[in-house]
Amino acid sequence: MTAIDPTAHLTAEQIEELGRELDAIRDEVIADRGEKDAAYIRKVISAQRKLELVSRGVLLFSIFPPAWLIGTAGLSVAKIMDNMEIGHNILHGQWDWMRDPKIHSTTWEWDHVSPSDQWKHSHNELHHTYTNVIGKDNDLGYGIMRVDEDQRWHPFHLGQPLWNFINACFFEYGIAAYDLELGKNLNKRRRKNPEFRARAKAVGRKIRKQVLKDYVIHPLLSGPSFLPTLAATFTANLVRNIWTHSVIMCGHFPEGVQVFERRSIKGETRGQWYLRQMMGSANISGSSAMHFMTGNLSHQIEHHLFPDLPSNRYAEVAVKVRALFEKYELEYVTGPLPKQVFSAWHKVFRLSLPNKKPKVETPVREQELVAA
Amino acid sequence: MTSTALRSRAWKLLEMVTTPLLPSDYLDLVSPLRAGADLRGRIEAVHPETGDAATVVIRPGRGWRGHTAGQYVRIGVDVDGVRLWRAYSITSPTNRQDGRVTITVKAIPDGKVSNHLVRRAKPGTLVQLDQATGDFVLPRAKPAKVLYLTAGSGITPVMGMLRDIELDDAVMIHCAPQPQDVIFRDELHVLVADKKLRLTEVHTDTDGMLDIARLDDLVPDWAERETWACGPAGLLDAAEEHWTEHGVRERLHTERFRPGIIVTGDGDSGGEVTFSATGKTVDADGATPLLDVGEEAGVLMPSGCRMGICFGCVTPLKAGAVRDLRTGEITEAEPGVLIQTCVSAAAGPCDIER
């Protein structure tokens, strides 16, 4: 909650009209969704698998430095593709309409230590419903960081630049712990909960399989290249983790992104929900290669408005969405990756220190809700 | 260690190499028709038969177990990016040298799959297949006298039989609007010229619908013949009634289109379906699979083959009752009861845990 509500100039009618205009954009894509889109995701999946196969093949000879470099680069890109353009989007159900049981949110499993079903719950269900609502959306700082002035400061936050850096390096493990709500569940009473234990076991199984594959089986298959292959897979995981962490930080942390109080979403209308997604997300600008490598999460604003539309459509949707931002005089937070990453990190550092509680002007929307 | 055990151990190791994917996910990239893969086929050619019918030549995967003349195959085709499953009779003989099978498809008005296959399908396209099935087949011992009673695309399973085995005494009555609508007309007339078949064409645009009472004139010994009938429901209903009346019902074999999926029993009016995990409630009729009802309502539904075979869509039924669309069987909610949402429809109000 910033001191000045950037949506204060909008009337309730305007917000509902905005909602209708966004619905129309969505309906247009759904009506047009078809063969070309299906061919796109199949092509991406096939390319990812081929790239991973070739890279792992090259790494069998990673004792030779050029092979190590090429194999590691290829594997890093393959892992990024798996998590971003493929895994994240399939698990959102973006491709369920194809009715292909192999490319379906209920069957997909990704190269990640958090099992798909757990991630789907914490991400699709919690984060996407309660985007940027303090106390409801734990993606705001993942429970280990303070990312808004309105969050209470604690001496623990002094170390948050360090926590954030460690989290970036081991991001997939951070996500797994987050999906398990480890912090909350590790107390004596909760850790015995059978439901939690089952989920923790599933994560353990997934970690074992992933670690065995990356750090035992493939290095062993490489024979004399054992150690270089081990280093290569470690590097690829590190690159993938830092990359995805950076992209994801750019989605909601940069300056200019709004957060919301719990009471502000009570009785939220469709238009208000859309507006919250618009004000709570930030984009990354760049080339189409850049958009692809972020899994189109560079179109975070469009993704939050329409999380189940196929990702390959966000670019064309963005043009129309941006026009609406202009029409309704709202700030479309976007910028090149380095700028957005810097902005997010700057915030992490700044808020590691306490701040004066800003004077909050109650936004019009809330006054209305309180009065209602 | 037996070779099977060895192979399964090697497979386990391969699974560790490819986790979280399966080795087959990679093998499918290079060899989707190999032995051990999910059954698929590749369309190799599409030959027009009439203005609105075409024969699709399919090379089935190695797992194909063959068929018996008269059987049908379920085929999963991606139309506008969406996988849709339909059943079609196999029209190729069982001993076809090159191992290909053919289905002959008539485009029906607004038929998504049939129009796609007849007019848009391209050679090289992969389709999903299921093993051939159906009991609309000739018995092992050749019947002495046979009558084929067909209409429209009902000729397709019979063509599979005609091409497969030569009978000593076969008569066919086939109905189609006009001569040019008769699928396989040239081939049928070759059979007639070779005296392998006696054929009566009924052109319904000029002759009107076939009156089953005319059978006595067209095929005086019809009651002595083992009969295979395939066509629209009206024709089959009339035939079943006629054969029953004359006490020879056991000689009549019928095949209905859309095999399997028939709503039977009473109370097929459907009901209000609650998807309790999502908190959605919608009205459903008694003929729409709950999987479609859920997807229509935006509920994330697990799905698989969409025709009741793979059990990829099983979901707990928390309350109420559902009807199996294939058998009409009613399943009532009990703890632990799972239903296949793709072949179950609401039989009154019900609650699906999704």
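Is A:Tyr142 buried or exposed? A:Tyr142 counts as buried, at 12% relative accessibility; buried means under 20% relative accessible area, exposed over 50%, and partly exposed in between, with a 1.4 Å probe and protein chains only. This is a predicted model, where local features need pLDDT of at least 70, side-chain atom pairs count only at pLDDT 80 or more, and totals for chains, interfaces and linings use all residues. Residues are numbered from 1 along each chain as its sequence is written, chains are lettered from A and ligands numbered from 1 in the order in which they are written, and side-chain values use heavy atoms, without hydrogens and water.

Over all chains there are 13 aromatic pairs (rings of Phe, Tyr and Trp, the last by its six-membered ring, with centres within 6.5 Å; planes under 30 degrees apart are stacked, over 60 edge-to-face, the rest tilted). A:Tyr142 and A:Tyr178 are edge-to-face, because their ring centres are 5.5 Å apart and their planes at 90°. A:Tyr178 is also buried, at 16%.

In chain B, B:Trp222 and B:Trp243 pair edge-to-face, at 4.7 Å between centres and 65° between planes. B:Trp222 is buried at 2% relative accessibility, and B:Trp243 at 0%.

Now the charge. A patch of positive charge on the surface includes A:Lys188, A:Arg191 and A:Lys201; patch residues have over 30% relative accessible area and no salt bridge, and like charges are joined within 9 Å. A:Lys201 counts as exposed, at 60% relative accessibility.

Methods: Patch = residues over 30% accessible without salt bridge, like charges linked within 9 Å, V, L, I, M, F, W, Y side chains within 5 Å. Areas by Shrake-Rupley, 256 points an atom, 1.4 Å probe, with all protein chains shown as cover. Salt bridge = Lys/Arg side-chain N within 4 Å of Asp/Glu carboxyl O. Lys, Arg positive; Asp, Glu negative; His and termini not counted. Charge placed at Lys NZ, Arg CZ, Asp CG, Glu CD.
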